[in-house]
Each structure stands twice: as C-alpha cells, then as structure tokens.
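Here is a friendly briefing to read alongside the model. Please have the sequence and the 3D view open as you go.

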Amino acid sequence: LWIMSFDGSKTQLAASTLQEVTSPNERRKFTCELLANCSNSQAEYESLILGLKISLAKNTKSVETMRDS
C-alpha cells in the first residue's frame, strides 16, 4: 500500500504544492511551483493531481491519500 500526503499553498506572490509518497520500501518528497494564479483550494487540488500522477508513474496499484489542511 502506498500512502500519499499532499498540501497546496498560495501567497500573494506564488502558489506551490508538496507531495510525499511513501511505500514500505521508499519515501519520496516532491514540490512544484504553480505558474498560474490560483486560489489556495486550487493549489491543493493541483497537489492531489500531481501526487496521483507520480503514483501512476510508479505503477502503484493502491494509494491512500491524506490532505494536510
């Protein structure tokens, strides 16, 4: 079972995302700066989408998601 924690944040200057993907054998953190002007909620959804894309790229069969907000 893979576990993905995610969070998105927005300031007046930028928006960014953080994903942490954990498996029994591996733990990885990913960050991404969003170029589009968006709300904090949109940044969180983008973080979820990016985390799921990372999980798919690693051929995971099952992912549990946890939002950090």
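Predicted model: local features only at pLDDT ≥ 70, side-chain atom pairs only at ≥ 80, totals over all residues.

Residues are numbered from 1 along each chain as its sequence is written, and side-chain values use heavy atoms, with hydrogens and water left out.

**Helix α1**

- Helix α1 covers residues 40-57, which makes 18 residues. From first C-alpha to last it reaches 26 Å, close to the 26 Å expected at 1.5 Å a residue (the expected span is 1.5 Å times one less than the number of residues).
- The buried residues of α1 are Ala43, Glu44, Ser47, Gly51, Ile54 and Ser55.
- Seen down the axis of α1, these buried residues fall within an arc of 115 degrees, so they line one face of the helix; the arc is taken from the directions from the helix axis to the C-beta atoms.
- The cover over the buried residues of α1 includes β1 (2-10), β2, β3 (27-34) and β4 (63-67).

**The sheet**

- Four strands form an open sheet in the order β3-β2-β1-β4, with mixed pairing; two strands pair if DSSP finds at least two bridges between them.
- At the edges are β3 and β4, each of which pairs on one side only.
- Neighbouring strands of this sheet are turned by 20 degrees against each other on average, direction ignored. Axes here are lines fitted to C-alpha atoms, for helices over the stretch in contact, and angles run from 0 to 180 degrees between N-to-C directions.
- α1 packs on the sheet and touches β1, β2, β3 and β4, and its direction makes about 150 degrees with that of β1.
- β1 and β2 run antiparallel and are joined by eight bridges; Thr17 in β2 is the bridge partner of Gly8.
- β2 and β3 also run antiparallel, with eight bridges joining them, and Leu18 has Thr31 of β3 as its bridge partner.
- The hairpin from β2 to β3 passes through four residues.

- Thr17 sits in strand β2 (residues 15-22) and is buried, with a relative accessible area of 3%.
- Beyond its neighbours within four places in sequence, Thr17 is in contact (heavy atoms within 4.5 Å) with residues including Asp7, Gly8, Phe30, Cys32, Ala43, Ser47 and Leu50.
- The side chains of Thr17 and Gln19 make a polar contact of 3.0 Å. A polar contact is a pair of N or O atoms within 3.5 Å; within protein, one must be able to donate a hydrogen and the other to accept it, and residues adjacent in sequence count only if both atoms are side-chain atoms.

**After the helix**

- Asn59 follows α1 and has a positive phi, near 60 degrees.
- Thr60 lies in the loop between α1 and β4 and is buried, with a relative accessible area of 14%.
- A polar atom of the Thr60 side chain lies 2.9 Å from the backbone oxygen of Ser55.
- Leaving aside neighbours within four places in sequence, Thr60 is in contact with Trp2 and Ser55.

Technical notes. Helix = DSSP H or I, 4+ residues; strand = E, 2+ residues; numbered from the N terminus. Buried < 20%, exposed > 50% of the residue type's maximum accessible area, 1.4 Å probe, protein only.
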